[in-house]
Every structure is written in C-alpha cells, then in structure tokens.
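Me: I am new to this structure and would like to understand the terms used for it. Please set each value against its definition.

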2 protein chains.
Amino acid sequence: MWHLYQHTLCPFSRKVRFLAAEKGVTVELVRELPWERRDGFIELNPAGQTPVLSDGTLVLIDSVAICEYLEETVERTSLLGSGAAERAEQRRLIAWFDQKFYSEAVVPLLSERMFKRVVARAAPDAGVLRAAGRAVEGHLDYFDYLLERRRWLSGPAFGMADIAAAAHISVADYLGGIDWDGHDSTRQWYSALKSRPTFRPMLGEKMEGLPPPPHYDKLDF
Amino acid sequence: MWHLYQHTLCPFSRKVRFLAAEKGVTVELVRELPWERRDGFIELNPAGQTPVLSDGTLVLIDSVAICEYLEETVERTSLLGSGAAERAEQRRLIAWFDQKFYSEAVVPLLSERMFKRVVARAAPDAGVLRAAGRAVEGHLDYFDYLLERRRWLSGPAFGMADIAAAAHISVADYLGGIDWDGHDSTRQWYSALKSRPTFRPMLGEKMEGLPPPPHYDKLDF
C-alpha cells in the first residue's frame, strides 16, 4: 500500500494525488506539515518537502520524480503523450507551473494568506498580494492564448500539464488569488477539470481556520 | 543542426551542454542573456529563460524537458538508469540541484556576484553571501554523506544527477561560493568530473569582467 505524505494546500501534493487517481492508483494520505520539520519526515526526505510517496520500502521524493515513476510503472493511458516532442511540450508546461506560476503566484499567496494567518499570526502584506495578482493576470492571459488554440493545455489530449496546472491553480484559487473575470477560455477548461471525479474530491477539503472563497468548489463560477 | 540558446553562467544551460556532449549530440551555441529580454527570444520562449534547444522547427524549452528528450531520442548509454526506481532517484537529485541548491546557493551568488557586478553596478550584500555560504556548507555535507556510500551521486553508475550537480556546483565555484576544505569525498568526485572531456571545455570559458578564482579550472584544487 502506498502512503502519500502531503498536505491539502501543497500544490505538488495535489498534482500527485490527481495523477494517482487518473492512473487508478490508491494512496493512503498521511498529513504532513513540512514547516514543522518532524524528525521522522526529515529522515524520510532530507529536503524536508512534501510530497513523498512510499510503500514502506521504496521512498519516492519530488513530485516530478513521483509522476514520472507512476507514468512508467502503471499500465494505463499515458498522461505524457505518445511522442518525444509531445512529452517535451507536456514537461515544458509542467515546469511552467511548478516553477514560474508557483514562485510568482502560489508562493506569495501561501506565504501571505496561509502561513501568516495559520502559523505566524501576522497580517498579510498588501503589496506582495497586489504583485501576485498582477502575475496571476499575466499567467491567465497566456493560458487563454494556449486554450484558444488547443483543446487541452499541451495539445489535443488531456495530460500531465493539465494535472499540474489544476493543482497549482486550485491552491491559488483556494487562497482567493484568482480573478476569473475576462478569462473565459481558462475558466471553461478549469470547469471541465473541476467536474472530473479524480479531482473533485480535493475541492471538498478545507484547512482549519482558513476557509476558501464561496466559488472555490462550484462548477459554475 | 541544433542551436542552444544559453549563457556561460546559466547552470541549466551547462547541464544541457554537458548532457548533449555525453550523448554525442553536437549543438551550436547561441549566447543569450535572458535579463536583456530580447524580443526574438521571448517569442521563442515566453518564459524568457535559458536554455532553449531548437533545430529551426522543434523548440525545446526547460532543461529537464530537454534532457528527457535527448535521453529518449538519442540511442546511447542511458544517463537515467535502467529501472524505474533508479530513474526516480536520479530525478530526485536532479530536482535537489535544480531547485534546492539553485535557490539556496546559486541564485544568491549569481545575484550578488554576477548581476550586481556586471549588470546593476552595485556592491554585493555581505549578509546574503554569508547565508549562501552556510547553505553551501550544508549541501556539501549531504553530498559527502552520499558519496561515502555510493560511487556516483545516485548510485553505482554515472548519470544525469552527476551532470546536474556538476552544472550547478561549477557555477557556484566560478563565483567563489564553494569552500572545499573538509569535503574530500565531494572534492574527489568533482575532480573526476572536471577531467571528463565532455565537461572540461566549459571550465575554460570566462565571463567578461568577472574572472573565476584560480582553483576553478584546476584538477587539483
């Protein structure tokens, strides 16, 4: 049995959960708050970050390594595509979300709206939130551009880029960081993702003391 | 013919160059300074980052996507390993260098010692450099730990984790950010990498106005 060390507002954990569900792999969730730096968890992953997937013997660390492992070992529809060029485009967009969208949008939102409220008990910095808002706006324009030309983010087929995108966007949306006005293409794509039974259950989870905005789990938003 | 848009102190570009050389793939280098935000380059890669590999038709973006593409398409010794678990360990360490070592060590060094000197014409912040030094020390302790148990970083065979590590460590070393004292295991491993004809030529390159320390390209350092 796989155990996934994760927490509900970790976008990299959400990515692995969504992908595992699409692959039909059952994982038992273990709640792990990495900022507590629990000894047993640091022993498991010296980088101290979620997610970690383990069956008790094998320890898989880093969301990209975990997703590639599941892609390689679980015989089911490929989520990376069938040719090397297709896979390169999926991986380009995964890196876009894991690095660019994460650092410009998700990190400041997590820091100001989650960490300061729940852990540090301090007020958020309005300037940081405004800068994150402008970054999100630029990103949504780019996703609109792609989705006006493609059925899914990376091309005609649903894949790992959509999974990575949904993971990061859903955390930003939980933290009130997404203004959907004027982004109909991305909104329509995200509504389709929200209705997937492999993704939908995550939208029902709440972090204590930090409720999401009312539109967060609605299919019509 | 492949063209690689890169610059000499970009660790992600160095990773692709080292890997391409190991795979026997010839690439023509195009010098690209991403902070100049050249229009033609932004058109090629909307993320605005090096490296980009293109043959004129296919455009490959993001060092992980490029390395996986070359691994998939070039028939030569695998640099990721032969089993899914082995590949997961290589990818875990690649992420360690691309994210953790890069953000904690390479980014502050590039910012204080390269960007401030060559672009912003400002003095480096000693506090930031001290924090980077402490981070490097912790990383080297971990690499020593691994290399006392393994021939190469990821296991018995040379692979992509060593390539990623050499790319990031060599940039930090160029910028005077590595104190090798007391890290004999990592030093010995790095000396073996420095002597590889696929990596050695990069150590001869200089950035104008920013010379590396004297030990930088020596095999005995």
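Reply: Two strands pair if DSSP finds at least two bridges between them, and strands (E, at least two residues) and helices (H or I, at least four) are DSSP runs numbered from the N terminus. This is a predicted model, in which local features need pLDDT of at least 70, side-chain atom pairs count only at pLDDT 80 or more, and totals for chains, interfaces and linings use all residues. Residues are numbered from 1 along each chain as its sequence is written, chains are lettered from A in the order in which they are written, and side-chain values use heavy atoms, without hydrogens and water.

Me: How do you know that S1(A) and strand S3 of chain A pair?
Reply: S1(A) and S3 (residues 52-54) share 3 bridges in the antiparallel sense, where at least two are needed; in S3(A), Leu53(A) is the bridge partner of Leu4(A).

Me: In which sense do S1(A) and strand S2 of chain A pair?
Reply: With S2 (residues 27-31), S1(A) pairs in the parallel sense over 5 bridges, and there Leu4(A) stands opposite Leu29(A).

Me: Why is strand S1 of chain A called largely enclosed?
Reply: Buried means under 20% relative accessible area, exposed over 50%, and partly exposed in between (1.4 Å probe, protein chains only). Because 4 of the 5 residues of S1 (residues 2-6) are buried, the strand is largely enclosed by the rest of the structure.

Me: What makes the relation of chain A to chain B that of a two-fold axis?
Reply: After least-squares superposition on the C-alpha atoms of residues with pLDDT of at least 70 in both copies, chain A lies on chain B with an RMSD of 0.0 Å by a turn of 180° and a shift of 0.0 Å along the axis. That is the relation of a two-fold axis.
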